[in-house]
Amino acid sequence: MKPKYLAIPYIVWMGIFVAAPVLIVVFYAFTTADGGLTLSNISEMGRFLPIFVRSFELAFVSTIICIVIGYPVAYILSREGARVQRLIIMLIMLPMWMNFLLRTYAWMSILENTGLLNSLLTALGLPALQIINTPSAVVIGMVYNFLPFMILPIYSVIVKIDKSLYEAAQDLGADTVSVFRKVVFPISLPGVLSGVMMVFVPAVSTFVISQLLGGGMVMMLGDLIDMQFLGSAYNPRLGSAIALVMMIIVILFMYVMNRFGEGEEKAVGL
Amino acid sequence: MKKNVSLLVAVCVLISLFAAACSPSPDGKGQVNVYNWGEYIDKEVLSIFEEETGIKINYFEYDSNESLYSLLMLGSADIDVIIPSDYMVARLIDEDMLEPLDFSNIPNFSLIDSRYKGLEYDSNDAYSVAYMAGTVGLIYNSAMIDDEITSWGALFDEQYSGQILMFDNPRDAFGIALKYLGYSQNTENEDEIYEAYDLLLTQKPILQAYVMDQIFDKLESGEAAIGPYYAGDYLFMAESNEDLVFVRPEEGSNFFVDAMCIPKGAKNKTNAEIFIDFMCRTDIALMNMEEIYYASANYEAAEEFSAQLDDGEYEIMFASEAVLADCDVFIHLPANILELYNRLWTDVKK
């Protein structure tokens, strides 16, 4: 029998710090300052459409880049010896031991017009790049900060694949490409899905990265929400409404992704 | 067993939280929770205060009047002393969020220059004691810009495209646009505000970035050539880049006073008044001025400090009457205008 009571502290924690705040956000989103019900906060969303579109677009692009970079890293890593794996995993985690703000500030000095990258390009006689204060800089910052969250879940799924599956596939005549395409890739999809979740969700709601690397010119949903609570406009009810709409879109997105994922899992008979 | 351990940990955390919140200082003089702008004090004075009075200071920082206002509204923090700017003092008074001060605890109020008394935001001097003051101006890098700049127009000039920085807060940003158009920074005329909005919209494509304190790095390193900021901070920046020049544009500018107040319901009101009195002392005001280069409201300190400045520096720190005549002091605007500002500012930035 599973000792269910061990979960009690966690359930209490979730209740206080997850469920209650969400309920407060919902309450704020639908009420006015004097306590009446209203839809006016929600109906203002149209004004912020460009910010919604930009946030989801940049988060999507960042997630795709993370998969493109992270998947091969995770795959190659899983084929290495145990010592190399431990070392590389540590190197992937290493930047996370530094403060997040500090890392983003560092990117600012790399990408600036007079920054490291452009000094290097100019010294090599190449034309300088205008990256800082553009959406590209924000994407670079997000990919850099969130990439470990893509690599690690994919790696942990691939590394657990039973080696005999590879052998069986090869015995049945599959070449390396087919083994990857028909065996490894389908089995690794749940890892990709959790990677997508761990990258996409924080990317949609990011705010410090866009402020520092986007120079305040690339406003994202996180900035907009921050502005309603601690920024230049004090309007927690509107802020809650924006947060709520964002959450709903993200949940819908995740639901669709998971349906897609379940199908894949059935297809490979897991 | 595991559950008991977690429970124990949770209980310990809760107890230590409450204990921290309620614990009196060892010698029984209590404490005071001070909220100030970042980089706006010589932190040495905090330990002097603790040594002299035996009152423990819990010191916190905020980065804008609006975020301070949010902190007060959220009501989650114990706050005894705050140092908002003029218009925010007025708003807090208007919304009944400040305690009237007991000036018998603040004898050093007599050291405050009369030009910082009876100002529009608190005309009876009932709720606030001025701390520091200054003006907003244009800071530019003379190695990157050959022309002599005299007007806010430089911030809207396409020839400096990609090198211009702008304030990342609505009141200062609209204030500059309004001033450039020849309107009051406190206008309640919606057409004028919309005109300023259009100007800010056309400015966005030629901007390098919207910044607050990031301006220090960007101007000092030559990443950007021009931007508006506070006079005291210019003197700080000029220490590391001597090509930087400060001008107060001919259209006039903004004059601000930051004043010490006590929020309604403060738990340590007397200690807060003792702290405010301490900050008004000449030696303390001098230490603070030497650290941050803003003009202290204490006239003895201001006079003593100005002796060590050359004329140019003096004029930047202490604006003359003639300059002040062209400057607006922000006042508290009615709710519908504030709402308009917030909406238009979001529209500029999106």
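Which residue in strand 2 of chain B stands opposite B:V34? In this predicted model, the residue opposite B:V34 is B:Y59.

The two strands concerned run parallel: strand 1 of chain B, residues 31-37, is joined to strand 2 of chain B by seven bridges. Strands of a sheet pair through backbone hydrogen bonds, in either a parallel or an antiparallel manner. The sheet in chain B is open and consists of three strands in the order 2-1-3, with parallel pairing. Strand 2 (56-62) and strand 3 (81-82) of chain B are the edge strands; each has a single partner strand, so one side of each lacks a neighbour in the sheet. Helix 9 of chain B, residues 269-280, packs on this sheet and touches strand 1 and strand 3 of chain B. The direction of helix 9 makes about 50° with that of strand 1 of chain B.

Now consider chain B as a whole. Its secondary structure amounts to 14 helices and 10 strands. A compact globule of 350 residues would have a radius of gyration near 20 Å, and the 22 Å of chain B agrees with this. Along the principal axes, the C-alpha atoms of chain B fill a box of roughly 65 × 55 × 40 Å. Of the 350 residues, 44% count as buried. Among contacts in chain B with a separation of 6 or more, 76% involve residues 24 or more positions apart.

Finally, there is the interface. Here 21 residues of chain A are in contact with 25 residues of chain B. On the chain A side, helix 1 (8-29) and helix 3 (49-78) are the elements that give two or more residues. The residues of that side comprise 13 nonpolar, seven polar and one charged.

Notes
Residues are numbered from 1 along each chain as its sequence is written. Chains are lettered from A and ligands numbered from 1 in the order in which they are written. This is a predicted model: local features need pLDDT of at least 70, side-chain atom pairs count only at pLDDT 80 or more; totals for chains, interfaces and linings use all residues. Two strands pair if DSSP finds at least two bridges between them. Helices (H or I, at least four residues) and strands (E, at least two) are DSSP runs, numbered from the N terminus. Two residues are in contact if their C-beta atoms, placed from the backbone, lie within 7 Å. Axes are lines fitted to C-alpha atoms, for helices over the stretch in contact, and angles run from 0 to 180 degrees between N-to-C directions. Ala, Val, Leu, Ile, Met, Phe, Trp, Tyr, Cys and Pro count as nonpolar, Asp, Glu, Lys and Arg as charged, and the others, Gly among them, as polar. The radius of gyration is taken over C-alpha atoms; the globule rule is 2.2 Å times the number of residues to the power 0.38. A residue is buried if 20 or more other C-beta atoms lie within 10 Å of its own, exposed if 12 or fewer, and partly exposed in between; C-beta atoms are placed from the backbone.
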